[in-house]
Amino acid sequence: MRRNDLPDSKKRFSDGAHYRIEVSGIETAEILEAVVDEAKIQGIPIHRAIAAVRGSVFYSDEQLKELAAAAGNHGVEVIICPWKLADLVLENPNRILTDLKFENNREIDDYLSEIDRCVRLGFRGFLVWDKDILEFLNFKRKKGGLPLDVIFKLSTFANSLNVISFISAARKGADTVNAANGLTLENLSEIRSLISIPIDVHVTFWQNILKANERGRLELAIESYDRIADAPEIARIASPVYFKFEAGTPGIGVYNVPRPDWTFGQLAEHKRKDVRAAAGIVRRIRAEYPGLILSDWAPADLRVPVVG
């Protein structure tokens, strides 16, 4: 339902579009191929893949080269998760309570080394979840230590909740920022009025919440989360926006792969569901606001891996 008290955003992507589609959990070239295939079946484009979510360190040069080549063939931007991401939570769930902050210099060195490796393999987009590291990476990019066409996406784990969070992220070098879960339409509208970089919004996701168990003790639980009903209004008031799909339960455990009861093939089918959810959102937006524009495949400003 239209919120007449919230203005249309006047800002757009460089191709004039209001919104784009992002799918997380693209761990291999084969999973990307499955996502692209499903997108073509559904008649929608995919613009951005969040890749190696378990962590780039778990994938060989050859595996990452195959992923870069597949993305290059389809014109899909890839945001790599350097070093470890999901694996940090799988190793120690308590780290999610500290926003996955780096605990020592060795972890920072390993993270930075993985960015350098992935740049050599052709990737030009990287996930960052620590604003201090973001500021350092931006300085390194400005001074020529990284290619100038590299972009940084500030992760949902950075918990960007308000105008100050977003302005700070942009000033420290973020090229695109994942909003924290649950921001109201009013908050998103206010944030959009003061920043120009894309806002990334989870439409489907999972979240860790504290719940009392049978003994009355607090424990972490996984709960599904979605903003399906809000998507048309978000596209109208917060453009340019990436709608991100990373469906519900079993949460971050989907990236603990491969294991005997969960294979890359099963993860690929799980990601096809994300694409079908994205197609449903596109249909919903087109029905409510036919004037809102979805970017076509491979707009020129995407940071597609450099292959060859």
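Entry 1, the model. I am working with a predicted model, in which local features need pLDDT of at least 70 and side-chain atom pairs count only at pLDDT 80 or more, while totals for chains, interfaces and linings use all residues. Residues are numbered from 1 along each chain as its sequence is written, and side-chain values use heavy atoms, with hydrogens and water left out.

Entry 2, strands 2 and 3. I took strands as DSSP runs of E with at least two residues and helices as runs of H or I with at least four, numbered from the N terminus. I found that strand 2 (residues 48–51) pairs with strand 3 in the parallel sense over four bridges, where pairing asks for at least two DSSP bridges. Between the two strands the chain passes through helix 2 (residues 61–74), and this β-α-β crossover is right-handed, that is, clockwise from the first strand over the helix to the second when the strands point away from the viewer.

I looked for sets of points on a 1 Å grid over the protein atoms alone where a 1.4 Å probe fits but cannot get out, and the count came to two cavities of 30 Å³ or more. The largest cavity has a volume of about 130 Å³, and among its 17 lining residues Val53, Leu85, Phe157, Lys244 and Glu246 are the closest to its centre.

How values were computed: 1 Å grid on protein atoms, 1.4 Å probe; cavity = no way out; pocket = protein on both sides within 12 Å on 5 of 7 lines; lining within 4 Å. Points joined across faces, edges and corners; volume = space filled by probe spheres on them.
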